[in-house]
Structures are given as structure tokens and as C-alpha cells.
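Have the structure open while you go through them.

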Amino acid sequence: MSARPRGNSKPKRLRSYRASTIKDVAERAGVAPATVSNVLTGRRPVAEDLRQQVLKAVDALDYRPNQIAASLRTQRTRSVGIVVPDLTNPFFAEIVYHLDELAATSNYQTLLVGSNETQKREVERIQALIARRVDGLIIAPTRDGVSEIALPPITGFPTVLVDRGFGSDGFDTITADSRDAGYRGARHLIELGHRDIAMLVTTAELTNISDRAEGCCRALAEAGIAGRKQVIYGGWTIEGCRRALEPALVGKRRPTAVFAMAYVATLGAIQAIRRAGLAFPEEISVLGFDDSEWMTVLHPYVSTLRQPVEEISSLAWDRLCARMTGKADDPLRVQLPCTLEVRESTSPPAAIRSHR
């Protein structure tokens, strides 16, 4: 037999939740709503004692600004779009990480998309971000500039290009100094005694890649060994770079060193050398490009040219902020130096070691 409720008791109502408003914060802090707004947006300076009162009230009430209402009011969404060509590449992943950290400290949200190294997808992704009303864009283009199809919607729109497209008309461009990196990498191998150096590159379509090869060629010419250079094109994938290099490792002109001029080329070179049954650096040296944690996990640790990722990200963010606030004028063009990380994968050729 079921128990009957006592008397006329009624089930208790659940208390409805009402989000705190800017007026609630102002009332609790004893200030005007405009003062709360100035503290949260930084639009105008506020005395430190009042600022602390507002922040304490915000914390006590667990106040969350209505971003939709704010964007309708200010015509800004406090969001930026980031477009990269390869989401799996640690170089671009690190750039995204630093940009997201910088955005968070400035109270911005980031929207990340990948173009998969195709211009058609790049155009689609850029158009989608603009449709979402982002306040600005940071783009690592698939080629040496933004596709002409994508140019109309972003002409005059706050946009910064990173890694590729250096010097593109009308855009701020921030990259590594690829020509100097190629030169310094080749000088390192030459100073070790290498004379037969193979350059493993992805494509001649990107200026930053061709600049690395050009810098390497200059070093070879200065050393009087330009005629012995080998330039091998492997394409955009690790597999393509591996296959492209493999024939050179079994021929009569087998190089004593491989200078892999991109991240995928570095992995492809190591795979090709392993498959050929060669020991590195004992039988062949490997110099990579870009740095990653795996390069110092297994021996031999990989010597490489490390790009200034944090500096590129910081400059790109600062420049985008200047663009979004109308404080930038002429396009900024910056090339930053890379760092040569000498580890275990590069050493003198076997012939030189045997005479020591």
C-alpha cells in the first residue's frame, strides 16, 4: 500500500537561474554600468580602486558578458580566424598554439581552419571565417600569396600573412629568413668536410623553399663545389620525399650529406636512409629543417634549422591587433633569423674521419 502525502503538501519548485547582468555588477560594486563596461573592455581608463571593486563584484556574481549583444553593439566579435595549410605539421601547430595563447590574454577567441595545401579549400575556409564575422585573419597561405579568388573579400580587411607570401602586395608579412637559413645550414655541412650534398626540397613553387635552396647553392659556390650539388624534389608528403631520395642513396654519386629543407622532407630523408640500410651520421649526415620534440627523443638526435616560431607568432599578433584597431599604416615586412641546432645527425664524412 503506497504512502499518502501528509496534509496538502505540494512539490517544491526548483529555483530558476537568472544570469547576472552588468547592472547587477554595477549595483554590487557601487559604480555606474559604464564604469563596469570600461573595466571589462579596457575602452577607457578606470581608477585602480574602482577597478578592483568591479572585479570583485564580477567574481562574486560569476558575471559573464553577453558576447552576442556586445558584438551587435560594437560591430566586433572579438574573434580572429587562423588559416594554416597543414594541421599535422608541428611548425604550424606551434604557431597556432602561441597565437591562441596571445589571443586569450587579449580576450579574443580563435577560429582555426586548415587548407590542406589546396587553394580551393583555402578560399572556402577564408570565406567561411569572414561570414562568421571574425575581426581579423592570420593566414599561412598554401602558395606565395592569397588566392586571387579570396582577395576581394579580404582587401582592406585586417590580415597578416605568416611563413609564406613574403612581400605580398597590400599585406603585412612575417616569415623566417629562409635564404640565410639555407646558407648557414650548408656552411655547417661544408665546414664538417662534406662536398657531396643533396638538397631534398618539397617544391619550387614556394619562395621560402626556393630561398633555402638558393642560400645553400650560394654556400656551395663559395666553397667551389657548386658543380657537385644535387637538388631532389619530393613534393608535399613524407612518402613523396622518401621515394624521391631513395634512388640517390644507391647510385654511384651517393651524397655524404642530405640537407632536408622542410619538415616533411626531414622525415622522408630519415625513412629513406633507414630503408637503404645506411647508418647516420656514420655513413651519411642529415640536416633537417624545423624543430620538433621527436628530434631529441631517439638517437641520433637530429641537427636542424629551428624557425623562430614564438617571435613570428608574437609579431603577427601585435600587427593584427594594430590592424584591427586602425593603428597600422604601410604593410610591415619582417624576416627573422633561424637558429642552427647542431646535434648528432651531422658529422664529418667517413673518409675524413678515417684519416684523423
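1. Let's start in a loop: Pro-281 sits between helix 11 and strand 9. Helices here are DSSP runs of H or I with at least four residues, strands are runs of E with at least two, and both are numbered from the N terminus. Phe-280 and Pro-281 are joined by a cis peptide bond, with omega at about 15°.

2. Before going on, a word on the source: this is a predicted model, where local features need pLDDT of at least 70 and side-chain atom pairs count only at pLDDT 80 or more, while totals for chains, interfaces and linings use all residues. Residues are numbered from 1 along each chain as its sequence is written, and side-chain values use heavy atoms, with hydrogens and water left out.

3. There is also a cis bond from His-299 to Pro-300, with omega near 0°. Pro-300 belongs to the loop between strand 9 and strand 10 (303-306). Asp-290 counts as buried, at 6% relative accessibility (buried is under 20% relative accessible area, exposed over 50%, partly exposed in between, with a 1.4 Å probe and protein chains only).

4. Glu-117 is another non-glycine with a positive phi, here about 60°. Look for Glu-117 in the loop between strand 2 and helix 6 (119-131). Glu-117 is buried too, with a relative accessible area of 16%. As background, most residues other than glycine have a negative phi, and most peptide bonds are trans.

5. Now Gln-109, in strand 2 (residues 109-114). Is Gln-109 buried or exposed? Gln-109 is exposed, at 53% relative accessible area. Setting aside neighbours within four places in sequence, Gln-109 is in contact with Arg-78, Ser-79 and Val-80 (contact means heavy atoms within 4.5 Å). Val-80 is 29 residues away from Gln-109 along the chain, yet their C-alpha atoms are separated by 6.4 Å.

6. Over to helix 1 (residues 22-29), where Asp-24, Val-25, Ala-26 and Ala-29 are buried. Their cover includes helix 2 (33-41) and helix 3 (48-61). In helix 2, the buried residues are Thr-35, Val-36, Ser-37, Asn-38 and Val-39, and they pack against helix 1 and helix 3.

7. Helix 8 (residues 178-192) and helix 9 (residues 207-222) pack at about 40°, with axes 6 Å apart. Axes are lines fitted to C-alpha atoms, for helices over the stretch in contact, and angles run from 0 to 180 degrees between N-to-C directions. Helix 8 and helix 9 are therefore oblique to each other (under 35 degrees is roughly parallel, over 145 roughly antiparallel, 65 to 115 roughly perpendicular, and the rest oblique).

8. What is the largest nonpolar core built around? This core has 47 residues, and Leu-200, Leu-245 and Phe-259 have the most contacts inside it. By definition, a nonpolar core is a set of buried Ala, Val, Leu, Ile, Met, Phe, Trp, Tyr and Cys residues joined through side-chain atoms within 4.5 Å. Helix 11 gives the most to this core, with 8 residues. Apart from it lies another core, of 23 residues, including Phe-92, Ile-95, Val-160 and Val-162.
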